[in-house]
Amino acid sequence: MQRRLVWVITFVAGLFFLLEFVLPEEAPAWLGGFRNPLTPYLDGATKFLIVVATMAFLVGPVNLVRQHLPTALRRRKGWVESVVFFVFLAAGIVAQAYHAEGRTAVAMQAALDRLYGVLFYGLMLGFGASSMALLAFYLVSAAHRAFRVNNLEGGLMMASAVIILLGQVPLGDWLTQGLPEPVQLPSVAQWILTVPNTAVQRAVLLGACGGAFAAAVRQWLGVGTAQG
Amino acid sequence: MQHADELMAILIAVLGAAILFCVWRAQRGHLPYIRRMAGVAAIERAVERATEMGRPIIYGMGWTDMQAIETHASLAILTHVARLAARLQTPLIVLARPSSVYPVVEETVRQAYTAEGAVDRFDPKEQVRFLSDDSVIYSSGIARLIEETHAGCAIFFGAFDFTSLLMAEPGARLGVLQIAGDPSLFQIPFFVCTCDQTLMGEEYFAAGAYVSTDPAMRATLLGQDIIKAVFAGLILLGVVAMLLPGGTAEWIVEWLKHYK
């Protein structure tokens, strides 16, 4: 019964959004010129989705607390990190809640602003930037693994990468300047980027669009699920 | 508000009808041939490998919320992985993101364990975790978890952003068997470099139906191919119209350009 109810709600909601999108905003005169009867309700339906998402918002942080609380209380392995988590959770809530001006006394406001600055601009952005800096090293490591020529595909990828790299820099231009223009490295690199590369990208995109559409229909009609 | 124009409305009707036709045929016993998908087969091998090694499976969701079809496709694969893990009694840790997806992920894994008669082994606090809504923290957290738990395999399935390499590279260096699926093209090169198998584009959406045992669900894969055939037909129509002499089919070219 509960599953059937879920399926009915999913179907009706899907039908609403589908019809709202497919029906024109204003029908042509030969069809009576009526206005889309569902459009006025779209805003309300969208707000409802936001409300539902907001209701689920706290569940994630609650899981974090459930993870760290027993570890901190029972001093299990990694309890220091759990304590640090709670300290920063409390500091973050206080700093964010009172960050807006005029909520507290001036002296307190300055201290809270400083705390906010330290937490978000000093620590969080710093940690984020440090992690992102690792990407440069990871890129080199991943590229080294990818460019091992151990089969035909690897060879093709290596060859096209070399052409693209050389085609983007003056060295590539200099190396092939004596050749006819269509076979100079910059031209070949441009051709690889705009013809085979674009064709493959569009093919994958079209396939993904079809796949997303089929998955959406499956989900909407409950095909293959307990509801369907 | 944005509304469909005539061609889009016709396309939605035709493509929807194609899928419904395939479901209808499947319900009457006409099952289409479905080619083997290496990426999906690799998921099963990866779970079995983790079982043999006695190490956990790490499953990372993408960044999209419940309104995105990418999330639903990921949940379909998660159901499959969770059922395999429950059947083989292999520890499974799922990282949910964003927080609004968390309760759905927890319920999905619970239902999978229930379906395998192993709901008593499901520990939501340990097995479904939330790290952060922030991309960098989430990806670093997954990488750390893979290293700390010496994961038997890692599966990244969803729409990922610029931190995909941050998430997958540490596992690749440790030799962890990794499988990734992402519908967009931008992160695929990084996953190809770091993962043993990568599902991209339509494969990502087809995987959920492929692993299903329901004939109607599997039949929708034929619907996907019909959709592709329609797109290919439109491309062919454009090419032929362009090649016709004297601009006799110029209106077709202009019409297709309008809807490009």
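**Entry 1: the interface.** I kept in mind that this is a predicted model. I looked up the contact and found 54 residues from chain A and 60 residues from chain B in it. The two chains bury about 4700 Å² between them, and 71% of that is on carbon and sulfur atoms. On the chain A side, Phe21(A), Tyr138(A) and Arg218(A) lose the most area to chain B, together 14% of what that side buries.

Entry 2: How many salt bridges cross the interface of chain A and chain B? I got two by the rule. I noted Arg145(A) with Glu169(B), where the closest N and O atoms are 2.6 Å apart. Polar contacts across the interface come to 13 residue pairs.

**Entry 3: who supplies chain A's side.** Helices H1, H2, H3, H5 and H9 of chain A each give two or more residues to the side that touches chain B. H9(A) gives the most, with 16 residues. Sorting that side by class, I have 33 nonpolar, 14 polar and seven charged residues.

**Entry 4: a sheet in chain B.** I traced an open sheet of six strands, paired in parallel, in the order S3-S2-S1-S4-S5-S6. S3(B) and S6(B) are the edge strands. Neighbouring strands are turned by 15° against each other on average, direction ignored. S1(B) and S2(B) pair over four bridges, and Tyr59(B) has Val94(B) as its bridge partner in S2(B). Helix H3 (residues 69-88) of chain B packs on this sheet, touching S1, S2 and S4 of chain B, and its direction makes about 170° with that of S1(B).

Conventions: Residues numbered from 1 in each chain as written. Chains lettered and ligands numbered in written order. Predicted model: local features only at pLDDT ≥ 70, side-chain atom pairs only at ≥ 80, totals over all residues. Heavy atoms only, no water. Contact = heavy atoms within 4.5 Å. Buried area = accessible area lost by both parts, 1.4 Å probe. Salt bridge = Lys/Arg side-chain N within 4 Å of Asp/Glu carboxyl O. Polar contact = N/O pair within 3.5 Å; in protein donor to acceptor, adjacent residues only side chain to side chain. Nonpolar A, V, L, I, M, F, W, Y, C, P; charged D, E, K, R; others polar. Pairing = 2+ DSSP bridges. Axes fitted to C-alpha atoms, helices over the stretch in contact; angles between N-to-C directions.
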